[in-house]
Amino acid sequence: MTALAAAQAALAAEHAALYGYGIVGGRLGEARRTEATAAHTAHRARRDALRRTVRDLGGEPVAAAPGYELPFAVPDPASAVRLAAVLEDRVAGVYADLVRSAEGALRHDAAAALREAAVRAARWRGGGVTFPGLAERA
């Protein structure tokens with residue numbers, strides 16, 4: 001996979017995460033809403049940076065879809081927490097691909113993004129996974 005293709009995939013995942021956190025924030029109780037807001041803000045910043053990265057690599061940034069299919073119904077706070085962990089796992093996976101495809105500063109930024117997503121996933125889930133970003137490939 002080229003660095004451009006991996007950056008586009010990461011950008012698409014950030015768009016999906018932002019959509020998902022809109023659902024999460026609407027279903028969470030007050031106790032974890034601040035955490036969801038912080039995650040949403042972090043994903044928005046990563047999305048904006050990835051748009052610039054894609055342009056710098058000579059591509060046209062992929063646009064957000066008008067909507068996304070959720071992996072399961074999210075009717076309550078417990079399922080919202082589960083969704084947040086899934087969103088972070090998915091984002092970590094695409095950043096793992098970007099780490100493999102990129103070099104230099106882009107690789108460093110992708111590794112930082114993978115680490116941040118893994119930490120957020122562990123907080124949402126209440127525990128980590130052995131190889132963040134690679135769990136779905138195991």
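**Figure 1. Leu83, tucked into helix α3.** Let's start with Leu83, which sits in helix α3 of this predicted model. Is Leu83 buried or exposed? Its relative accessible area is 0%, and anything under 20% counts as buried, so Leu83 is buried. Skipping the neighbours within four places in sequence, Leu83 touches Gly20, Ile23 and Val24, and also Leu70, Pro71, Phe72 and Val74. Look for Trp124 too: Leu83 and Trp124 are 41 residues apart along the chain, yet 8.9 Å separates their C-alpha atoms.

**Figure 2. Ser79, another buried residue of α3.** Ser79 also has its place in helix α3. With a relative accessibility of 5%, Ser79 counts as buried. Which residues does Ser79 contact, leaving aside its neighbours within four places in sequence? They are Phe72, Ala73 and Val74. Phe72 and Val74 turn up among the contacts of Leu83 as well.

**Figure 3. Glu88, a charged residue with no exposed surface to speak of.** Glu88 is found in helix α3, and at 0% relative accessibility it counts as buried. So who surrounds this residue? Setting aside the neighbours within four places in sequence, Glu88 is in contact with Tyr21, Ala39, His43, Ala117, Arg120, Ala121 and Trp124.

**Figure 4. Helices α3 and α4, side by side.** Two packed helices are described by the angle between their axes and the distance between the axes. Here α3 and α4 pack at about 160°, and their axes are 8 Å apart. Angles over 145 degrees count as roughly antiparallel, so that is the word for α3 and α4. Their crossing is left-handed. On the α3 side, the contact includes Val81, Glu88, Tyr95 and Leu98, while α4 brings residues including Leu106, Ala110, Arg120 and Trp124. Sorted by class, the residues of this contact are 17 nonpolar, no polar and 5 charged.

**Figure 5. Helices α1 and α2, a second pair.** How do α1 and α2 cross? Their axes come within 9 Å and cross at roughly 155°, so α1 and α2 are roughly antiparallel to each other. This crossing is left-handed. Among the residues making the contact are Leu4, Ala10, His15 and Tyr21 of α1, along with Arg33, His43, Leu50 and Val54 of α2. By class, you'll find 12 nonpolar, 6 polar and 6 charged residues where α1 meets α2.

**Figure 6. The largest nonpolar core.** How many residues does the largest nonpolar core have? There are 22, and those with the most contacts inside the core are Ala10, Leu50, Val91, Tyr95 and Leu98. At least two residues of this core come from each of α1 (3-27), α2 (30-56), α3 (77-101) and α4 (104-125). There is also a second, separate core of 15 residues, which includes Tyr21, Ala36, Phe72 and Trp124.

**Figure 7. A closer look at Leu98.** Leu98 is one of the residues with the most contacts inside the largest nonpolar core. Apart from the neighbours within four places in sequence, Leu98 is in contact with Ala3, Ala6, Ala7, Ala10, Leu50, Leu106 and Ala110. Ala10 and Leu50 are also on the list of residues with the most contacts inside that core.

Terms used:
Residues numbered from 1 in each chain as written. Predicted model: local features only at pLDDT ≥ 70, side-chain atom pairs only at ≥ 80, totals over all residues. Heavy atoms only, no water. Core = buried A, V, L, I, M, F, W, Y, C linked by side-chain atoms within 4.5 Å. Buried < 20%, exposed > 50% of the residue type's maximum accessible area, 1.4 Å probe, protein only. Helix = DSSP H or I, 4+ residues; strand = E, 2+ residues; numbered from the N terminus. Contact = heavy atoms within 4.5 Å. Axes fitted to C-alpha atoms, helices over the stretch in contact; angles between N-to-C directions. Parallel < 35°, antiparallel > 145°, perpendicular 65-115°, else oblique. Left-handed = near helix turned anticlockwise from the far one by under 90°. Nonpolar A, V, L, I, M, F, W, Y, C, P; charged D, E, K, R; others polar.
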